[in-house]
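Me: I am new to this structure and would like a close look at a single part of it. Please take it slowly and keep to plain terms.

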Amino acid sequence: MHSEVVASRSADQRDSTRESRNGNSPQLDAVSLAIIQQLQEDGRRPYAAIGKAVGLSEAAVRQRVQKLLDQGVMQIVAVTDPLTVGFRRQAMVGINVEGDVESIADVLTGMSEVEYVVMTAGSFDILAEIVCEDDDHLLDVINKRIRALPGVRSTESFVYLKLKKQTYMWGTR
């Protein structure tokens with residue numbers, strides 16, 4: 001298990017995402033971006049070490065990090081390898097919806113097995129990443145919970161055979 005900064009907004013921070021689309025997003029200067037980069041390399045890096053790298057005091061780094069967290073610019077989380085913690089089956093599920101796509105997306109975000117939900121313009125209305133203990137668990141989630149939702153027209157599952165890359169380093173490119 002390792003810790004990284006996820007420089008994306010969570011479902012709880014939808015309002016700040018909407019604000020950013022309207023030009024009201026927090027402005028990140030070069031120092032804030034450098035702090036994010038330091039934390040993406042090692043989410044447990046001490047503030048004193050970050051301060052030396054970016055030219056600020058430990059207290060100033062602590063304040064900046066807290067502000068970035070409060071604004072929803074980033075999260076600091078532990079990222080695990082699902083296989084090592086008992087989740088042997090992962091899949092991306094494409095979902096086609098009749099009617100209100102957002103209401104289905106909202107229900108999916110409430111499912112503990114669903115790790116990622118995105119509304120798309122393409123072959124599917126929604127893509128949902130699902131992490132389960134095994135094939136039976138995945139079948140239960142797809143068949144009895146997702147397909148049973150009113151408005152779900154169809155699903156297509158893409159079962160992961162092997163995860164080759166998973167990174168959260170896009171925050172400062």
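Predicted model: local features only at pLDDT ≥ 70, side-chain atom pairs only at ≥ 80, totals over all residues.

Which residues does Glu-98 touch, not counting residues up to four places away in sequence?

Reply: Not counting residues up to four places away in sequence, Glu-98 touches Gly-151 and Arg-153.

The chain has six helices and six strands. Read from the N terminus on, the elements run β-α-α-α-α-β-β-α-β-β-α-β. Of the 173 residues in the chain, buried residues make up 32%. If contacts between residues at least 6 apart in sequence are taken, 69% of them join residues at least 24 apart.

Now to the strand. β3 covers residues 89-97, and nine of its nine residues are buried, so β3 is largely enclosed by the rest of the structure. The burial applies to both faces of the strand. On one side are Arg-89, Ala-91, Val-93, Ile-95 and Val-97, and on the other are Gln-90, Met-92, Gly-94 and Asn-96.

The place of β3 in its sheet comes next. The sheet is open, has four strands in the order β4-β5-β3-β6, and its pairing is antiparallel. The strands β4 (114-119) and β6 (152-159) stand at the edges with a single partner strand each, so one side of each is left without a neighbour in the sheet. From one strand to the next, the twist averages 20°. In general, strands of a sheet pair through backbone hydrogen bonds, either parallel or antiparallel.

In this order β3 has β5 on one side and β6 on the other. Seven bridges join β3 to β5 (residues 126-132), and these two strands run antiparallel. Two of the pairs can be named: Gln-90 has Val-131 in β5 as its bridge partner, and Gly-94 has Leu-127 in β5. With β6, β3 also pairs in the antiparallel sense, over seven bridges. There, Ala-91 stands opposite Val-159 in β6.

Two helices also belong to this picture. Helix α5 (residues 101-109) lies across β3, β4, β5 and β6, and runs at about 165° to β4. Helix α6 (residues 135-146) packs on the sheet and touches β3, β5 and β6, with its direction making about 140° with that of β5.

Arg-89 deserves a separate word. Arg-89 is in strand β3. Why does Arg-89 count as buried? Its relative accessibility is 18%, and buried means under 20%. The side chain of Arg-89 makes a polar contact with the side chain of Asp-135, at 2.5 Å. A polar atom of that Arg-89 side chain also lies 3.3 Å from the backbone oxygen of Tyr-160. Leaving aside neighbours within four places in sequence, Arg-89 is in contact with Ile-130, Val-131, Cys-132, Glu-133, Asp-134, Asp-135, Leu-138, Val-159 and Tyr-160. Of these, Val-131 is the bridge partner of Gln-90, and Val-159 stands opposite Ala-91.

Elsewhere in the chain, helices pack on one another. Two packed helices are described by the angle between their axes and the distance between the axes. The axes of helix α2 (residues 30-41) and helix α4 (residues 58-70) come within 11 Å and cross at roughly 85°. That makes α2 roughly perpendicular to α4. The residues that meet are Val-31, Ser-32, Ile-35, Ile-36 and Leu-39 in α2, and Arg-64, Val-65 and Leu-68 in α4. By class, this contact has six nonpolar, one polar and one charged residues.

Helix α4 also packs with helix α3 (residues 47-54): the axes come within 8 Å and cross at roughly 100°. That makes α3 roughly perpendicular to α4. Here Tyr-47, Ala-48, Ile-50, Gly-51 and Val-54 in α3 meet Glu-58, Val-61, Arg-62 and Val-65 in α4. By class, the contact of α3 with α4 has six nonpolar, one polar and two charged residues. Val-65 of α4 is listed in the contact with α2 and in the contact with α3.

Definitions and conventions. Residues numbered from 1 in each chain as written. Heavy atoms only, no water. Buried < 20%, exposed > 50% of the residue type's maximum accessible area, 1.4 Å probe, protein only. Polar contact = N/O pair within 3.5 Å; in protein donor to acceptor, adjacent residues only side chain to side chain. Contact = heavy atoms within 4.5 Å. Axes fitted to C-alpha atoms, helices over the stretch in contact; angles between N-to-C directions. Parallel < 35°, antiparallel > 145°, perpendicular 65-115°, else oblique. Nonpolar A, V, L, I, M, F, W, Y, C, P; charged D, E, K, R; others polar. Pairing = 2+ DSSP bridges.
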